[in-house]
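Hi,

Here is the structure I promised to pass on.

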Amino acid sequence: MYFANDKSGGRIYIGDAKAGDSFFCPACGEKMVIKRGNIYAHHFAHMPGMDCDPWYTSKLSDWHIKMQRYFRPENREIIIWNSQHTEYHIADIALKTSSGAFVFEFQHSPISQTEFIARSSFYIK
């Protein structure tokens with residue numbers, strides 16, 4: 001994730017995060033750590049075994065990151081809850097316009113038709 005919440009609940013981009021500060025997942029509230037290595041893009045990560053979005057499968061590809069950067073930071077990695085507030089997913093991009101609300105999910109690797117339908121149905125509801 002490139003965005004996390006700081007200790008006061010404000011949204012912060014990984015590029016603005018200071019080492020030593022505390023950061024939390026905007027979806028599940030668990031503590032996150034800063035990852036700033038030489039191989040992967042700098043990002044926030046859950047502690048081992050704590051990935052909270054069931055659709056998250058691995059590190060974002062360079063292509064995925066590039067696609068997200070076409071949009072403003074405030075529209076990237078947006079938490080979307082269902083109407084019962086019992087399930088959420090992290091949308092790559094979420095926009096609200098005078099024409100309605102829109103979610104963009106960038107998919108560069110293959111997924112099953114069943115998974116595609118499940119993701120689309122969640123966001124439509």
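Predicted model: local features only at pLDDT ≥ 70, side-chain atom pairs only at ≥ 80, totals over all residues.

Let me start with strands E7 and E8, which pair in the antiparallel sense over five bridges. Residues are numbered from 1 along each chain as its sequence is written, and side-chain values use heavy atoms, with hydrogens and water left out.

Back to E7 and E8: they form a hairpin with two residues between them, and Ile93 stands opposite Phe104 in E8. On E7's pairing with E6, there are five bridges, again in the antiparallel sense. Ile78 faces Ala91 of E7, and Ile79 faces Ile90 of E7. The hairpin of E6 and E7 has six residues between the strands, and His85 takes a positive phi near 60° there. E7 itself is mostly covered, with seven of its 10 residues buried; buried means under 20% relative accessible area, exposed over 50%, and partly exposed in between (1.4 Å probe, protein chains only).

E1 and strand E3 (residues 23–24) run antiparallel and are joined by two bridges.

Asn5 is buried at a relative accessible area of 19%. Neighbours within four places in sequence aside, Asn5 is in contact (heavy atoms within 4.5 Å) with Gly10, Arg11, Ile12, Ser22, Phe23, Phe24, Cys25 and Pro26.

Lys18 sits in the loop between E2 and E3 and counts as exposed, at 55% relative accessibility. Not counting residues up to four places away in sequence, Lys18 touches Phe23 and Ile34.

Now the core. A nonpolar core here is a set of buried Ala, Val, Leu, Ile, Met, Phe, Trp, Tyr and Cys residues joined through side-chain atoms within 4.5 Å. The largest has 17 residues, and those with the most contacts inside it are Ala17, Phe23, Cys25, Ala27, Met32 and Phe44. Strand E1 (3–6) and E7 are the elements giving two or more residues to this core. Residues up to four places away in sequence aside, Ala27 touches Cys52, Ile79, Trp81 and Tyr88.

I used a 1 Å grid over the protein atoms alone: a cavity is a set of points where a 1.4 Å probe fits but cannot get out, a pocket is an open set with protein on both sides within 12 Å along at least five of seven lines, and lining residues have an atom within 4 Å of a point. Points are joined across faces, edges and corners, and a volume is the space filled by probe spheres set on them.

- The second largest pocket holds about 300 Å³ of space.
- Its lining has 16 residues, with Ile80, Trp81, Phe122, Tyr123 and Lys125 nearest the centre.
- Strand E6 (76–81), strand E7 (88–97), strand E8 (100–104) and helix H2 (113–124) each give two or more residues to that lining.
- A search of the whole structure finds one cavity of 30 Å³ or more.
- The largest cavity has about 50 Å³ of space and is lined by Tyr2, Phe3, Tyr13, Ile65, Gln68, Arg69 and Arg76.

One more for H2: Ser121 lies in that helix and is partly exposed, with a relative accessible area of 29%.

Cheers

Key
Helix = DSSP H or I, 4+ residues; strand = E, 2+ residues; numbered from the N terminus. Pairing = 2+ DSSP bridges.
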